[in-house]
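Have the picture ready as you read.

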Amino acid sequence: MASKAHQGTASGLGAELKTSATTVLADQAERIAREKYGLDGRAEWLWGEKDSNYRLTLADGTEYLLKILNPAENPAMTSMHSQALLHVEAADPGIPIQRIIRTRNGEVDFRMTDDEGGTRGVRMVTFVPGVSQKSQPHSAIQRYRVGVLLGRMQKALQGFTHEAAGHRITWDMSHAAGLRELLSIFDSEAQRARLQRTMDDFENLVVPRMAALPAQVVHNDFNMENILVSKDNPDEISGIIDFGDMVHAPVLFDVAVGAAYQMGDAEDPVEAMCDFLKGYATQKTLSAHELELLYPAVETRMLMRLAIQEWQARLFPEYRERYTRNSPTVWAQFARLDAISKNDVVARLAAACRA
């Protein structure tokens with residue numbers, strides 16, 4: 001458990017990240033698949049930050065993903081994620097996302113009661129082929145294609161509405177200012193100071209103009225582990241997964257999330273972001289006001305990756321290695337960015353968006 005001080009600090013963060021979900025056992029997952037979907041297969045547990053995820057493999061080799069959601073997830077959110085998958089499929093069938101598998105009764109998702117008496121949402125989808133972008137070599141064309149897909153995803157979601165779209169989640173940048181109190185958990189004074197500068201920029205530059213930014217329901221988690229590529233040809237994007245963090249938020253933040261992750265380990269992180277933004281620009285155009293705020297929004301997402309994951313690692317120390325596995329990469333990105341003039345970064349990102 002977190003220390004008393006950290007428990008108090010964590011109180012402002014979402015319940016979806018403070019709930020350590022009971023894992024549903026494989027035999028129960030297999031029974032759900034048989035009884036609710038008429039599918040007889042072998043269930044293999046997959047890591048999920050909040051949920052119990054299983055790869056279900058049938059005798060003929062066909063694979064599905066059975067997702068048994070965190071008990072803390074509101075049923076309305078479960079519905080929103082399912083309906084969003086159906087909406088994107090209808091709006092742009094070429095976007096490689098998971099497809100909903102309906103139950104025998106035609107339901108897109110349903111509620112179950114776990115062994116502790118809690119109710120949990122359940123959804124089954126097709127298993128998208130490919131491996132994570134993070135695990136494969138990166139290239140300019142790969143990043144460009146990811147940018148194209150984010151633009152297409154945003155266009156596909158433009159007409160999507162749902163009662164749960166305005167819910168509050170920890171990973172929504174709209175509420176990032178609330179993370180300032182978490183910065184004290186970092187032991188390094190230099191690290192605290194660096195994150196405080198980022199937070200100052202977010203509060204002084206972005207927050208006052210946030211209400212005027214174009215907003216819609218967005219994916220909100222276009223990271224390298226949610227982007228799948230072909231193992232034989234890593235430049236081919238084979239899938240986009242995990243709508244679990246989607247929310248109604250400024251479009252700019254969705255772009256900043258994608259750009260922040262596409263830096264990866266690139267020696268020139270700005271060039272890597274520009275590759276992504278050039279692809280995005282073939283589908284969508286950011287306004288002059290949005291371009292002014294893009295870089296501070298990118299840095300804010302980097303801050304979120306460090307602060308939220310460090311907080312989770314202290315709340316659940318047994319999972320520290322997994323939660324903080326990407327932190328060294330983010331700190332290295334900050335160091336590389338700090339070696340470049342901020343004006344130069346802003347100018348290059350803007351030019352890429354106009355390409």
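This is a predicted model: local features need pLDDT of at least 70, side-chain atom pairs count only at pLDDT 80 or more; totals for chains, interfaces and linings use all residues.

Q: How many helices and strands does the chain have?
A: There are 11 helices and 11 strands.

Q: Why is Gln154 called buried?
A: Buried means under 20% relative accessible area, exposed means over 50%, and partly exposed is in between (1.4 Å probe, protein chains only). Gln154 has a relative accessible area of 1%, so it is buried.

Q: What is Gln154 in contact with, leaving aside neighbours within four places in sequence?
A: Contact means heavy atoms within 4.5 Å. On that basis Gln154 is in contact with Gln216, Val251, Asp254, Val255, Tyr280 and Lys284.

Q: What makes Trp331 buried?
A: Trp331 has a relative accessible area of 19%, and that value is under 20%, so the word buried applies. Trp331 lies in helix α10, residues 327-338. Leaving aside neighbours within four places in sequence, Trp331 is in contact with Phe186, Gln191, Arg194, Leu195 and Leu306.

Q: Why is Asp242 called partly exposed?
A: Its relative accessible area is 31%, which lies between 20% and 50%, so Asp242 is partly exposed. Asp242 sits in the loop between β10 (237-240) and β11 (247-250). Although Asp242 is not a glycine, it has a positive phi of about 65°.

Q: Is Asn220 buried or exposed?
A: Asn220 is buried, because its relative accessible area is 3% and the limit is under 20%. Its place is in the loop between β8 (215-218) and β9 (227-229). Phi of Asn220 is near 75°, a positive value in a residue other than glycine.

Q: What makes a group of residues a nonpolar core?
A: A nonpolar core is a set of buried Ala, Val, Leu, Ile, Met, Phe, Trp, Tyr and Cys residues joined through side-chain atoms within 4.5 Å. The largest one here has 90 residues, and Met153, Met173, Phe253, Leu294, Val298 and Leu349 have the most contacts inside it. Helix α8 (residues 288-315) gives the most to this core, with 15 residues. A second, separate core has 17 residues, including Val24, Tyr37, Leu56 and Met124. In soluble globular proteins, nonpolar side chains tend to be buried together.

Q: Which residues does Met153 touch, not counting those up to four places away in sequence?
A: Met153 touches Val88, Ile95, Ile97, His219, Phe222, Ile240 and Phe243.

Q: How do you know that the chain agrees with a compact globule?
A: The radius of gyration is taken over C-alpha atoms, and the globule rule is 2.2 Å times the number of residues to the power 0.38. For 355 residues, a compact globule would have a value near 20 Å, and the chain has 20 Å, so the two agree. Of these 355 residues, 55% count as buried.

Conventions. Residues are numbered from 1 along each chain as its sequence is written. Side-chain values use heavy atoms; hydrogens and water are left out. Helices (H or I, at least four residues) and strands (E, at least two) are DSSP runs, numbered from the N terminus.
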